[in-house]
Amino acid sequence: MKANEGKIIYINGPVIKGSQMEEFKMREMVLVGEDKLIAEVISIDDAIGTIQVYEETEGIELGETVYGLGVPLSLKLGPGLIGSIFDGIGRPLERIDQMNADFIPNGIGLLSIDLDKKWDVAFKPSLGDVLAAGDIYATILESGLVEHRLMMPPALSGTVAFIAENGSHGANEVVMKITDAFGITHDIRMYQEWPVRKARPSKHRMKISKPLVTGQRVFDCFFPIAKGGTAAIPGGFGTGKTMTQHQLAKWSDADIIVYIGCGERGNEMTDVLEEFPKLIDPKSGKAIMERTVLIANTSNMPVAAREASIYTGITIAEYYRDMGYHVAIMADSTSRWAEALREISGRLEEMPAEEGYPAYLPYRLAEFYERAGYVTTLNDQEGSITVIGAVSPAGGDFSEPVTENTKRYVNAFLALDRKLAYSRHYPAINWLTSYSGYVKMLGDWYVTNVGEDALVMRNNAMKLLQEESKLLDIVQLVGEDVLPDSQRLVLEISRILKTGILQQNAFHKDDSFVPIAKQFSMLKVVLHLYDRAKACSELGIQISRIKDTELFERVVKMKYSIPNDYKETIDALIRDIDGYYDALMSEYE
């Protein structure tokens, strides 16, 4: 019996136990049975090892062999990732599709990027140059939007002993040789292998100071997401989690998008896979897939692969972050990932915690979100990973364990509301239950890039919306007519804020994406309307005169009527507001 082989003695779905496994290591990747199913060692008790299998275990028999590979579950990171679609453990679906199978076949091995594909490579160093860990030694135009920067492995530095010539090379070729401080020569290929559960190193973390500009008013104006930050988008069925993430993927100013479809329904992932290749990047006019990596792990795929999918996605994100890119991850949804944890934990007969989830659920969530951040890379570039995780609480109950624990580790909580969604208010972000801890952190950026009064306007608008919520409780009891005109005015302006600012049309050419300067100009118009109307109300002018239907309607519809090169049109609208109220006040003076 070889030291790296064991025998199957127990099978329970994706959980298998093997004997004679005392020489195996924790998190070691193994091949199970005659079909060589990909799996991972998750516990060792004397000679008994417990394994979670990333493929269907149907047909596996007791007594079959477990083959140790000596390495943890790892990804090959190199050119060819951008524009590709992978399963939960990083196997390209395009290559699997060439096998003419309706579903992913068992025993196909850990496929990776195409190592034989030729790329046009431009090398930077010369013989004798000294390279440090993480240094960029070559560049490849991976797509029309992404320059792939080949980097030294994070743990290797030394002198260039051989360097290939510029031109066409395959990822599996030795393109450089490095002699380290001990005189050992290392072959360098155009890809790196990295364990998915281990965070890639950086030089140091930087203070968060820049927003992820999304073009969506409810985020940029009210609940900003920071580059290098974390956000959760919880919501029940049909509230628009996936569509909101699509908008963020399409319009945010991240350089690269990694979209993880984790345990979602097959038809929903089909929509993503069909829609994304058709989307056009608004900044460049090129296909958005030229800066996107998709990971598709549907609900009918093995649960162990679902559990690994978010680590696969964030490892790819860290690789591009290390090149100096700003990466945004859309994880849809972490609830399905937590359900996979719960199923595996149950088969392991672990003691369940709240609602059957394992006791280590908070730790695993923290471990995932902690890999976000704004960093200085090993090659002294600035890079970031922004993690935006959708949460799907059963019945929309935000008190369930996944939502509650996610709230502990994210700084932006963007709660979707079923009532808003069913009333066709999109994005259906509830402005009363949502919050962003990045408002103060990004204050200097807003002052420099938008205006000194940007956050003051934001806070004033939020006060109006909060006051409206209190007034609506009274209105439901006694009706709106009994309120004084000053409070009825708050209700009217809040309706404009909700309809004209917070609501956004993803299918309108000007409203789908709005520059951040225009967003605050629109907010300024609404607040200016309120200030002028309030001054009239204080003079005793009746609300029926103050509320000019045509003028109020123009303010609501400015999101459609005013183009994104808006300046003169916005100023004209403010002049019309001033003209109307100046004339009204002159009648009463």
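Buried means under 20% relative accessible area, exposed means over 50%, and partly exposed lies in between, with a 1.4 Å probe and protein chains only as cover. The model is predicted, so local features need pLDDT of at least 70 and side-chain atom pairs count only at pLDDT 80 or more, while totals for chains, interfaces and linings use all residues. Residues are numbered from 1 along each chain as its sequence is written, and side-chain values use heavy atoms, with hydrogens and water left out.

**View 1. Salt bridge between Lys210 and Glu382.** A salt bridge is a side-chain nitrogen of Lys or Arg within 4 Å of a carboxyl oxygen of Asp or Glu. In this pair the N to O distance is 3.8 Å. Lys210 lies in the loop between β18 (204-205) and α2 (217-222), and Glu382 in strand β24 (residues 382-391); the two are 172 residues apart, and the pair links distant parts of the chain. Helices (H or I, at least four residues) and strands (E, at least two) are DSSP runs, numbered from the N terminus. Glu382 is partly exposed at 36% relative accessibility, and Lys210 is partly exposed at 34%.

**View 2. Salt bridge between Glu343 and Arg347.** The N to O distance is 3.4 Å. Both residues belong to helix α6 (residues 334-347), and because they are 4 residues apart, about one helical turn separates them. Glu343 has a relative accessibility of 33% and counts as partly exposed. Arg347, with a relative accessible area of 27%, is also partly exposed.

**View 3. Salt bridge between Glu553 and Lys557.** The closest N and O atoms of the two residues are 3.6 Å apart. Glu553 is partly exposed at 38% relative accessibility, and Lys557 is partly exposed with a relative accessible area of 44%.

**View 4. Network of salt bridges.** Arg27, Glu40, Arg197, Glu307 and Arg364 are linked in this network. The structure as a whole holds 29 salt bridges.

**View 5. Patch of negative charge on the surface.** Glu22, Glu23, Asp45 and Asp46 gather here. Patches are made of residues with over 30% relative accessible area and no salt bridge; like charges are joined within 9 Å, and nonpolar side chains (Val, Leu, Ile, Met, Phe, Trp, Tyr) within 5 Å. Glu22 is found in the loop between β2 (15-19) and β3 (28-32). With a relative accessible area of 47%, Glu22 is partly exposed.

Technical notes:
Areas by Shrake-Rupley, 256 points an atom, 1.4 Å probe, with all protein chains shown as cover. Lys, Arg positive; Asp, Glu negative; His and termini not counted. Charge placed at Lys NZ, Arg CZ, Asp CG, Glu CD.
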